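Colleague: I would like to go through this model with you. Please show it to me, and I will ask how you know each thing.

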Amino acid sequence: MGPQASNSRRATSAPAVTAEQVDAVMLASQALIGVTAQSVATVEQVVTLPQLRALMLVASRGNLNLNTLAQAMQIHPSNATRICDRLVSAGLLERRSSSTDRRSLLLALTDDGARLIDSVTATRRAAIAEVLAQVPPSRRSALATAMRAFGRGAGEQPLDDAWKLGWTTRVGAELPSKKR
């Protein structure tokens, strides 16, 4: 039996998603959008929202090629190319040849790009910590577990996972840093 057959069997036996559950996540998403908007405002003079998303994806998933980035952003590769061209020009992203396939170009954060991501992430962490302080301590663990499951269900990876996998938010081992 293939994976699709077992997935469809699980989907039919799982309880249906309720309107109350959707409404609860939508309420939380409103709060998170507010936190995100505040953190984006701190860098809006430097990058656009799609550019920041590209930098975040490279930071969280390690060095990516352009097609992988375009797929993750759900945009056409030509749009991803334009975004990356601007980020390279701004000194926030680098394109380098892969050490395993010289025909493949990889995208990696520069030190300036990593500092920008670190700044945005620190702003978000502080704002989220303020909100979490308003949640009863007995509920925080379950909330964190549920939010992690939701994020992974959406295909997101925490920035910290890049470190666990041997990647960094800066130019990785495969891409030695250029001297500046």
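Modeller: Read along the sequence, the pattern is α-α-α-α-α-β-β-α-α-α. The chain has eight helices and two strands. This is a predicted model, where local features need pLDDT of at least 70, side-chain atom pairs count only at pLDDT 80 or more, and totals for chains, interfaces and linings use all residues. Residues are numbered from 1 along each chain as its sequence is written, and side-chain values use heavy atoms, with hydrogens and water left out.

Colleague: What makes a stretch a helix or a strand here?

Modeller: Both are DSSP runs, numbered from the N terminus: helices are H or I with at least four residues, strands are E with at least two.

Colleague: Why is L55 called buried?

Modeller: Buried means under 20% relative accessible area, exposed over 50%, and partly exposed in between, with a 1.4 Å probe and protein chains only. L55 has a relative accessible area of 0%, so L55 is buried. L55 sits in helix α3. Across the chain, buried residues make up 28% of the 180 residues.

Colleague: What is L55 in contact with?

Modeller: Contact means heavy atoms within 4.5 Å. Leaving aside neighbours within four places in sequence, L55 is in contact with V47, L87, L92, L93, L109, L116 and I117. Take L92: L55 and L92 are 37 residues apart along the chain, yet their C-alpha atoms are separated by 8.1 Å.

Colleague: Which residues touch the most other members of the largest nonpolar core?

Modeller: L52 and L55 do, in a core of 24 residues. Such a core is a set of buried Ala, Val, Leu, Ile, Met, Phe, Trp, Tyr and Cys residues joined through side-chain atoms within 4.5 Å. Two or more residues each come from α3 (49–61), α4 (66–73), α5 (77–89), β2 (105–109) and α6. The largest share, seven residues, comes from α3.

Colleague: How do you know that the span of α3 agrees with a helix?

Modeller: The expected span is 1.5 Å times one less than the number of residues. For the 13 residues of α3 that should be 18 Å, and the end C-alpha atoms are 18 Å apart, so the two agree.

Colleague: What makes α3 mostly covered?

Modeller: In α3, 10 of 13 residues are buried. Among them are Q51, L52, A54 and R61.

Colleague: How do α3 and α4 cross?

Modeller: Their axes come within 10 Å and cross at roughly 115°. Axes are lines fitted to C-alpha atoms, for helices over the stretch in contact, and angles run from 0 to 180 degrees between N-to-C directions. P50, R53, A54, L57 and R61 in α3 meet L69, A72 and M73 in α4.

Colleague: How do you know that the buried residues of α6 share a side?

Modeller: In α6, G113, A114, L116, I117, V120, T121 and A127 are buried. They cover an arc of only 160° around the axis, which puts them on the same side of α6. The arc is that of the directions from the helix axis to the C-beta atoms. The face turned away from the buried side of α6 carries the exposed residues R125 and E130.

Colleague: Why is Q74 called exposed?

Modeller: Q74 has a relative accessible area of 74%, so Q74 is exposed. Q74 lies in the loop between α4 and α5. Phi of Q74 is near 55°, a positive value in a residue other than glycine. Most residues other than glycine have a negative phi.
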